[in-house]
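Thank you all for coming; please bring up the sequence and the model on your screens, and we will walk through one part of the structure together.

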Amino acid sequence: MIRLEGATLLTPEHEISDGVLVLDGARIAYAGSRDGAPPAAPGDDVSRLPGRVIIPGFVNTHTHLAMQILRGVADDVPLMPWLEEHVWPIEARMTPEDILQGTRLALLEAVAAGVTCVNDMYGSMDRVAEAIGESGIRGMITQGLIGAQDPERDSLRRGVALYERWQGAMDNRLQVALGPHAPYTCPPDYLREVADYATALHAPVHIHLAETRGETEELLRQGTTPAQVLTSSGLAREHVVAAHGVFPAEGDIARLASLDVGVAHCPISNLKLGCGFAPTRRLREAGVPVGIGSDGAASANVLDPFLSMKAAAWIAKGTSEDAAALTAKDVLRMATREGAMALGWQELGALEQGYLADVVVVDLRSYRVQPVFDPFSAIVYTATAQQVERVYASGRLVYSEGRHLVVDAAEVLSSARASAQRLAERPLL
Ligand SMILES: [Zn+2]
């Protein structure tokens, strides 16, 4: 067993100084005070970690990892021209190999920042599954479905086949959702077909919803709302992860709260694309679980959950003119346990016996963070990915003191650069 002693165990519900955390395979066997801890057994792998904080691994509730390879290819452009003139033309040239390399590159950054679970939507998802498998972390994967471009339903069949191939694979590290891209790219009859498959498979659904003002206004013109699309199509018969939720229509927050829906709040992407601010406080007060996501690096440029947490807190406080709108504890919960709930993934996101052994050791001893009066404040408002010392995923040490332990980071980097160079057809620095 792995035994971590002397750190502060930190979740929004608990703060246990000089704690003991015992990992037994993929599960947490003990998390608590030194007094109640079981004795160490011969052969245990014991670490003393004073001055550190241990938190649950971060859950990135919405991303497109392969887009790492397009990071910085087009910035400072609004969403629709960004997609139509920049992203889609390059994506049309992307091969499954490019998608594999982009995803591997993204996972280097994510894991080094303490992310142990990703919710990914893209194409060539077998390659994405392969990359997540290699990284050691867990993920929910989704074939992105553009209904308007799927007249023969080939993509939809691929999405269903993905579920049949990978659901529960790799010791349950992989889950699969069905992924109609968005109401504006999938006509109503297509959404109904996806919903029928989701119901038959009992699969969750991952969709972009109410990302822009224009998108919600268009649905209102059609006599419906973002939340009503989920019910009228039947998608909400299963658990739904709704990415963004920036512009719920009048009455939508109550509708979402009455459904099994989690929202993936992507503050950096929303800010950078000039989309607006999701009403996280009102969603959470209504009872909708709100997790934090990065979105793809082509829009957000970074996958660092520490930056996303800061952005989420700042937006909520600034837009409501209330410094208590989202507290440090609220934001840490959103980035961990509430993110797991937003994905519908139980047994994830807590430091408790029986939960999955995805944990992050954060070193708060640096002058970059000290002095630390309140570890919640230090983690959310001050720390960055630089303070991540160790990452355990499914009870396995995958990252420690700046080094990736299960993948060859130098090889990933050079393969990804070669793909990026070829795709963008212009020189890299
Ligand atoms: Zn997205």
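This is a predicted model: local features need pLDDT of at least 70, side-chain atom pairs count only at pLDDT 80 or more; totals for chains, interfaces and linings use all residues.

Lys310 is found in helix α13, which covers residues 305-320. Is Lys310 buried, exposed or partly exposed? It counts as partly exposed, because it has 19 C-beta neighbours inside 10 Å, whereas a residue would need 20 or more to be called buried. For a sense of scale, Lys310 and Ser394 lie 84 residues apart in sequence, and their C-alpha atoms are 27 Å apart in space.

Let me now step back to the chain as a whole, where the domain assignment gives domain 1, made of 2-56 + 357-403, and domain 2, made of 65-343. The C-alpha centres of these two domains lie 29 Å apart, and 21 residues of domain 1 are in contact with 25 residues of domain 2. On the side of domain 1 that touches domain 2, at least two residues each are supplied by β7 (52-56), α16 (375-382), β17 (388-393) and β18 (396-400). Which of these elements gives the largest share? That is α16, with five residues. By class, this side of domain 1 divides into 16 nonpolar, three polar and two charged residues.

Next come the helix pairs. Two packed helices are described by the angle between their axes and the distance between the axes.

The axes of α13 and helix α14, residues 328-335, come within 10 Å and cross at roughly 130°, and the two helices are therefore oblique to each other. Their crossing is right-handed. Here Pro305, Met309, Ala312 and Ala313 in α13 meet Val331, Met334 and Ala335 in α14, a contact with seven nonpolar residues, no polar ones and no charged ones.

The second pair is α14 with α16, whose axes come within 9 Å and cross at roughly 65°, which means that α14 is roughly perpendicular to α16. This crossing is left-handed. On the α14 side the contact is made by Ala328, Lys329, Val331 and Leu332, and on the α16 side by Phe376, Ser377, Ile379, Val380 and Tyr381. Its residues divide into seven nonpolar, one polar and one charged.

How values were computed: Residues are numbered from 1 along each chain as its sequence is written. Helices (H or I, at least four residues) and strands (E, at least two) are DSSP runs, numbered from the N terminus. A residue is buried if 20 or more other C-beta atoms lie within 10 Å of its own, exposed if 12 or fewer, and partly exposed in between; C-beta atoms are placed from the backbone. Domain bounds come from an automatic or database domain assignment. Two residues are in contact if their C-beta atoms, placed from the backbone, lie within 7 Å. Ala, Val, Leu, Ile, Met, Phe, Trp, Tyr, Cys and Pro count as nonpolar, Asp, Glu, Lys and Arg as charged, and the others, Gly among them, as polar. Axes are lines fitted to C-alpha atoms, for helices over the stretch in contact, and angles run from 0 to 180 degrees between N-to-C directions. Angles under 35 degrees count as roughly parallel, over 145 as roughly antiparallel, 65 to 115 as roughly perpendicular and the rest as oblique. A crossing is left-handed if the near helix is turned anticlockwise from the far one by less than a right angle, and right-handed if clockwise.
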